[in-house]
Amino acid sequence: MLDYNKYLRQQKFPLIWCAGCGDGIVLKSMLRAIDKIGLSKDEICMVSGIGCSSRLTGYVDFNTLHTTHGRAIAFATGVKMAKPEMHVIVVTGDGDATAIGGNHYIHAARRNIDISVILFNNNIYGMTGGQVSPTTPIGSRASTAPFGNPENSFNISGLAEAAGASFVARGTVHDALILDKYIEKAIRKKGFSVVEVMTPCPTAYGRRNRIGDGVAMIKDLKEHSVSVRKASKMSEEELNDKVVTGILVDRERPEYTDNYNKLIERVKGSNS
Amino acid sequence: MKQKNDQFEVKVITGNEACAEGALAAGLRFFAGYPITPSSEIAEILSMRLPAVGGKFIQMEDEIGAMGAVIGASLVGSKAMTATSGPGFSLKQENLGYAAMAEVPCVVVNVMRGGPSTGLPTLPSQSDLMQARWGTHGDHPIIALCPHGVRETYDLTIRAFNLSEKYRVPVILLLDEIIGHVNEKVIFDKKEKFELWQRETPDVPPENYLPYKFTESDVPPMVSFGKGYRFHVTGLVHDETGFPTNNSEQIIKFLQRLNRKIDRYADDIIQVHEDSEEGAKIGLFAFGSTARSAKNAVNLAREKGVKINFIRPTVLWPFPQKHVARLADQCDCIIVPEMNLGQMAHEVEWASAGKTEVIKVNRIDGEPIRPSEILDAIMERV
């Protein structure tokens, strides 16, 4: 069995995450994937923004960069461009990546820069106390949607696909071992990759929406998730309250840092 | 336009071109930007020049992202820069604060245009002086340089990189639309060697490395990501280890060091060109493109037999307080011409501590202050 401690800054424990939070499950899944690929700790740069999930970078023994709200992908773009041999992994949340950081998210996907984004989607702003996020389902309650959310929500994975990502998968913390495979594939994929992980926030979302504690929420996730294959045979109405899981996109597209390095070679060639 | 011989190269170039060339001479290897008038030529030139030296250029989706990318690139060891103007400079502030907090060397060029808001996109101004100092929230260190000509833009761009590396601080280069776009003859001595400073690296093995160590110099040694020293960088207040802290003692220690590291070296950082005359009772304080008119006014006044003490700082932050205090002791008044409503006059008043009268000469219509306007202010005091 994997010794997780090899990758953890144990002196920084205990974690700030609440009891019942799913973020720790994703953390372990990430470490299993990294270990399976066999990356050295020195060649990983893990970049995060602001929010509960973004605190993850403080706990892992890599080159870690905890940035400003929404900007993790922008910082990561600088890291990856200046040092393409680095494996750059971004840890972010639904609010961080698709509200304040939405612009960076879609443009990194458009460039198809070789960055892997692990996006913790808990449908809420947890750290700031349960405000409505771009993925809060319509009608759900949040501290800034006391009468139920009147807004439509984002399909985060669909956004990445439409913007041009090479690899997009959606998983849940209920199926953590399948998640390992998605994360592994995402890191291995040359190009922009996103793994959207549905993870419960019992403190800020579950209680307010009467779903229950962490366990109840994970069970709820299980009940509401359907595989891509099953989903393809279901009507839009049937899919209304469902989470479609699986590998949603896996395609070859030119990668940005590769393209840029070719450009450098061409320019240098024409100068000599 | 170029003329060549063995030792000297004569070029007619703009301030924006000089800035790009200076950055390359300083070792720039990463530029992230976003189009905005009147700074765009800097990005355009670097998009062409950087690949040839193996450097990277990226036009980001917005100004905020450009500043973030610059910090990321600097953390893996590249000398990195962005360039912008007024509204874009407002957007830089978020991550400019991060660079100050996490002590990441980088250079931010702001080619000033008229504000506030979208303001006067194609016209010059000097109204971002206070934003350069206090634009991002919280008590933070900053250095801001301000050249008055094309050649000086080249030199100060190199200096901006040197200071940012030496003190692990973001350095702002304040051009204005006039300096950015004016064509001037510049003579480059090919044999001239510029001293280039690099960030100090740790002399301890990874297990003993403290990325924010309290050292005698107040500037902790810095190593790039990927060199075997795995550490944490955050915009939260952190202790010597780089991890967040809420401990009162640690917070105070850190924030005091962060600000002290520039305050204590102010004398090394500040550069002021002084042109004084024995017994002069009229002082003149001017910077950037306005200093060109001021120089002209000084010559005209001297032709009329009027004595002037003229000082022209190329560093605005930290503010050259001692120089102004001396001027205040010597003179009955200090005239401060600037293309805003008196931002630097306010600092001059503070530094002269009531010892002299501060006279403002301002323009806010996007027109340069003419020598005659400064001369009028001088002659009124004769």
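Visitor: How many salt bridges does the structure hold over all chains, and what makes a pair a salt bridge?

Guide: Over all chains the structure holds 38 salt bridges. A pair is called a salt bridge because a side-chain nitrogen of Lys or Arg lies within 4 Å of a carboxyl oxygen of Asp or Glu. This is a predicted model, in which local features need pLDDT of at least 70 and side-chain atom pairs count only at pLDDT 80 or more, while totals for chains, interfaces and linings use all residues; side-chain values use heavy atoms, with hydrogens and water left out. Residues are numbered from 1 along each chain as its sequence is written, and chains are lettered from A and ligands numbered from 1 in the order in which they are written.

Visitor: Why are Lys189(A) and Glu252(A) said to meet in a salt bridge?

Guide: Their side chains are 2.6 Å apart, N to O, which is within 4 Å, so the pair counts as a salt bridge. The two residues are 63 residues apart and link distant parts of the chain. Lys189(A) is in the loop between helix 6 (176-188) and strand 6 (193-198) of chain A, and Glu252(A) is in the loop between strand 8 (243-250) and helix 10 of chain A. Helices (H or I, at least four residues) and strands (E, at least two) are DSSP runs, numbered from the N terminus.

Visitor: What makes Lys189(A) buried or exposed?

Guide: Lys189(A) has 10% relative accessibility; buried means under 20% relative accessible area, exposed over 50% and partly exposed in between (1.4 Å probe, protein chains only), so Lys189(A) is buried. Glu252(A), at 68% relative accessibility, therefore counts as exposed.

Visitor: Why is Asp241(A) with Lys242(A) called a salt bridge?

Guide: The closest N and O atoms of Asp241(A) and Lys242(A) are 3.1 Å apart, so the pair meets the rule. Asp241(A) has a relative accessible area of 43% and is therefore partly exposed. Lys242(A), at 27%, also counts as partly exposed.

Visitor: How do you know that Arg151(B) and Asp155(B) are about one turn of the helix apart?

Guide: Both lie in helix 6 (residues 150-167) of chain B, four residues apart. Arg151(B) has a relative accessible area of 22%, so Arg151(B) is partly exposed, and Asp155(B) is partly exposed at 28%.

Visitor: Which residues do salt bridges that share partners join into one network?

Guide: Lys41(A), Asp42(A), Asp61(A) and Arg230(B) are joined in this way.

Visitor: How many residue pairs are in polar contact across the interface of chain A and chain B?

Guide: The rule finds 17 residue pairs, both residues being at pLDDT 80 or more. A polar contact is a pair of N or O atoms within 3.5 Å; within protein, one must be able to donate a hydrogen and the other to accept it, and residues adjacent in sequence count only if both atoms are side-chain atoms. On the side of chain A that touches chain B, strand 2 (63-66), helix 2 (72-82), helix 4 (102-111) and helix 10 (256-271) of chain A each supply at least two residues. Helix 10 of chain A gives the largest share, eight residues.

Visitor: What area is buried between chain A and chain B?

Guide: About 3200 Å², of which carbon and sulfur atoms give 60%. Buried area is the accessible area (1.4 Å probe) that two parts lose on being put together, summed over both. The contact (heavy atoms within 4.5 Å) takes 40 residues from chain A and 39 residues from chain B.

Visitor: Why are strand 2 of chain A and strand 11 of chain B said to pair?

Guide: Two strands pair if DSSP finds at least two bridges between them; three bridges join strand 2 of chain A to strand 11 (residues 232-234) of chain B, so they pair. The two strands run parallel. Leu65(A) has Val233(B) as its bridge partner in strand 11 of chain B.

Visitor: Why is Arg257(B) called buried?

Guide: Arg257(B) has a relative accessible area of 0%, so Arg257(B) is buried. Arg257(B) is found in helix 8 (residues 248-263) of chain B. Leaving aside neighbours within four places in sequence, Arg257(B) is in contact with residues including Glu103(B), Tyr212(B) and Asp218(B).
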